[in-house]
Amino acid sequence: MKKKYYQKLSFQEKKILKEKGTERPFSGKYNDFFSGGLFLCRACQSPLYESSSKFDSGCGWPSFDDEIDGAIVRYNDFSAGRTRVEICCANCDGHLGHVFHGEKFTLKDTRHCVNSLSIQFKSYKNLQKAFFGSTCFWNLQKIFNAVEGIYMSTAGYMDRDKIVYNYKEESEINNRRKKVVEIFFDPKIVSYNKLVNTFLENHDFDNFNKNLDKLIIFYFSEEQKKIAKKVLLKKFNDNIVVDLIVASNFFRAEEKHQNYLKK
Ligand SMILES: [Zn+2]
């Protein structure tokens, strides 16, 4: 674990994240805590778990049955005289706890046993959603994941017909639904204006083909619409090549497409 990640931690947090300690059971603030939001790494702020994966196992530590894609790394741990699987933050390598299988707590049959001191809760109430569409969501995800204040991006599709598609069909019915990334961001850290600009800056408009290079901003609120419109008018005057459409149903893409370029 690099110094920049642990130097701001408290003595107790460092004991867990850096020195792989364990807090006393039933002592952590997130053991009996079930609000809606994201659980971030205490050291580097990377999103690790969604609240939908949290469950009460009765073990005395926060328990999750799934991780955010790519957020966790696993190591064999022989330290307690038996083989366990240690889990760490994939970004900073901070120690989180251990993962167990075969206990049948939930359908996923997985229990990430995590120290409260390793994580930090971010309520959905403090986050906003944004959607951006392009011909390729792999690159969009990579671009937005590098922006500070963005806590989660998901590759998927936007469609009004309420039909669940798969990736293969997407290539065949290209104009019916759009490849989109869904983003959760903290407006106190990064503005929607900045997100729209980031989206536009990462496209080459000198060699832009409006029929092939489909770019869409799916606004989620009237406020987003107003901001996006202003940015588009400023950049393109009356020759706007980016569509501005109200967001509809978002469908998560297949697992292999999530964080594809990182993988
Ligand atoms: Zn981390």
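Mentor: In the protein chain, 68% of the contacts with a separation of 6 or more join residues 24 or more positions apart. Two residues are in contact if their C-beta atoms, placed from the backbone, lie within 7 Å.

Trainee: On what basis should such values be read?
Mentor: This is a predicted model, in which local features need pLDDT of at least 70 and side-chain atom pairs count only at pLDDT 80 or more, while totals for chains, interfaces and linings use all residues. Residues are numbered from 1 along each chain as its sequence is written.

Trainee: What is the mean pLDDT of the protein chain, and where is the pLDDT below 50?
Mentor: The term pLDDT denotes the predictor's confidence in each residue, from 0 to 100. The mean for the protein chain is 89, and 92% of its residues reach 70 or more. Residues 161-167 fall below 50, yet this stretch has 10 contacts in the model beyond near neighbours in sequence. Where pLDDT is low, the predicted coordinates should not be read in detail.

Trainee: Which domains does the assignment give, and how many helices and strands are there?
Mentor: Domain bounds come from an automatic or database domain assignment; here they are domain 1 (3-123) and domain 2 (128-257). Their centres, taken over C-alpha atoms, are separated by 32 Å. Helices (H or I, at least four residues) and strands (E, at least two) are DSSP runs, numbered from the N terminus; the protein chain has 6 helices and 15 strands.

Trainee: How many residues has the largest nonpolar core, and which have the most contacts inside it?
Mentor: A residue is buried if 20 or more other C-beta atoms lie within 10 Å of its own, exposed if 12 or fewer, and partly exposed in between, with C-beta atoms placed from the backbone. A nonpolar core is a set of buried Ala, Val, Leu, Ile, Met, Phe, Trp, Tyr and Cys residues joined through C-beta atoms within 7 Å. The largest one has 53 residues, and Leu48, Phe132, Val180, Val181 and Ile217 have the most contacts inside it. Strand S11 (residues 150-159) gives the most to this core, with 6 residues. At least three residues come from each of domain 1 (3-123) and domain 2 (128-257). Leaving aside neighbours within four places in sequence, the contacts of Val181 include Phe132, Phe137 and Phe144.

Trainee: Which residues of helix H3 are buried, and what do they pack against?
Mentor: In H3 (residues 137-145), Phe137, Leu140, Gln141, Ile143 and Phe144 are buried. They fall within an arc of 165° seen down the axis, so they line one face of the helix. The arc is that of the directions from the helix axis to the C-beta atoms. These residues pack against S10, S11, strand S12 (178-185) and H5.

Trainee: How does the span of helix H6 agree with expectation, and which of its residues are buried or exposed?
Mentor: The expected span of a helix is 1.5 Å times one less than its number of residues. The 15 residues of H6 (residues 222-236) should span 21 Å, and the end C-alpha atoms are 21 Å apart, which agrees. In H6, Gln224, Ala228 and Val231 are buried. Those three cover an arc of only 65° around the axis, which puts them on the same side of H6. On the other side, the exposed residues include Glu222, Lys226 and Leu233. H6 is followed by Asn237, whose phi is positive, near 55°.
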